Amino acid sequence: MATAYTQTDLQGALPLIARGKVRDLYEIDDKTLLFIATDRISAYDVIMENGIPNKGILLTLCTRKWFEVLTTALPTLRTHFLTLDLPPQIPESLRPILQNRSMQVRKLRILPIEAIVRGYITGSAWKEYQTHGTVHGLPVKAGLRESEAFPDGPIYTPSTKAELGEHDENIHPDKAVEIIGEKYAATVASLSVQLYKIAHEYALSRGVIIADTKFEFGVDEETGEVVLADEVLTPDSSRFWPKDTYEIGRGQASFDKQFLRDWLVKEGLKGKEGVRMTDEIAEKTSEKYKEAWEKITGGN
């Protein structure tokens with residue numbers, strides 16, 4: 001099995017700003033950051049001890065493709081993406097490993113919520129619905145079955161954005177207004193649903209159902225505009241189902257980290273630190289990511 005690239009070291013070429021669950025952020029200048037997607041993988045908010053080879057490259061190329069799709073369909077959309085080219089400060093010796101897993105992006109003030117859009121009832125939403133008849137506290141029509149599409153279309157269900165090692169918390173949209181203010185909350189809510197609809201239609205034509213996804217947004221401090229940031233519509237941030245085996249009333253096979261989550265639950269390792277995936281689980285998870293990328297991007 002190929003080696004996973006789980007820790008960046010730019011040998012002092014650029015200052016490190018932050019390490020996330022998957023990405024390491026470096027500052028290029030006062031307006032530009034370098035986002036590097038490592039091969040780290042997290043599940044249930046815990047980073048695994050070993051990674052998924054080439055995962056960071058697949059996530060980055062998938063994100064670039066989606067930025068193209070979304071901005072073509074919605075020309076007014078602004079994103080943080082600048083280029084896949086590496087900045088000149090990066091040493092030659094590091095360029096082969098960093099190319100196509102790195103994005104130069106605009107520096108923004110990131111809004112502290114996850115903008116989740118759900119088209120189908122599954123996961124934590126299904127659990128809440130079974131108990132309370134609601135999703136993120138929002139009343140939902142009675143009688144839905146697992147994996148069914150929401151009858152009135154996709155719904156915006158934000159969550160808090162936890163610090164590394166903490167857990168995101170599902171919140172009512174009204175709570176998002178309290179956190180980021182009415183002006184930004186309204187834009188994020190409407191834009192998220194609009195982007196989900198564009199992506200859902202595009203993916204469906206390629207045999208993939210996007211059950212749900214999460215977006216992150218920032219604010220351009222110079223213009224006050226809301227800008228789409230971070231990765232978008234990848235197997236890390238979305239639930240992808242194969243269209244040809246979709247069936248209402250049960251859980252679905254998926255092109256994402258659900259395979260890893262299921263293994264953790266089965267082995268009694270959910271939420272535990274210091275877990276190392278078996279080679280088989282790492283390989284099968286890698287195959288799911290690659291399959292999703294190939295279906296959505298055509299392998300380019």
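In which loop does Gln89 lie? Gln89 sits in the loop between β6 (81-83) and α2 (95-98). Please bear in mind that this is a predicted model. Leaving aside residues up to four places away in sequence, Gln89 touches Ala13, Leu14 and Ile28. Of these contacts, let me take Leu14: Gln89 and Leu14 are 75 residues apart in sequence, yet their C-alpha atoms are 7.2 Å apart in space.

I turn next to the sheet. Five strands form an open sheet in the order β1-β2-β3-β7-β6, with antiparallel pairing. The edges are held by β1 (16-19) and β6; each has a single partner strand, so one side of each is left without a neighbour in the sheet. From one strand to the next, the twist averages 30°. Two bridges join β6 to the antiparallel strand β7 (residues 102-106), and Phe81 stands opposite Val105 in β7. Helix α1 (residues 55-73) lies across β2 (23-29), β3 (32-37), β6 and β7, and runs at about 45° to β7.

Finally, the second largest pocket. This pocket holds about 200 Å³ of space. Its lining consists of Asp30, Lys31, Arg106, Lys107, Leu108, Val219, Asp220, Glu221 and Glu222. By class, that lining has seven charged residues, two nonpolar and no polar ones.

How values were computed:
Residues numbered from 1 in each chain as written. Predicted model: local features only at pLDDT ≥ 70, side-chain atom pairs only at ≥ 80, totals over all residues. Heavy atoms only, no water. 1 Å grid on protein atoms, 1.4 Å probe; cavity = no way out; pocket = protein on both sides within 12 Å on 5 of 7 lines; lining within 4 Å. Points joined across faces, edges and corners; volume = space filled by probe spheres on them. Nonpolar A, V, L, I, M, F, W, Y, C, P; charged D, E, K, R; others polar. Helix = DSSP H or I, 4+ residues; strand = E, 2+ residues; numbered from the N terminus. Contact = heavy atoms within 4.5 Å. Pairing = 2+ DSSP bridges. Axes fitted to C-alpha atoms, helices over the stretch in contact; angles between N-to-C directions.
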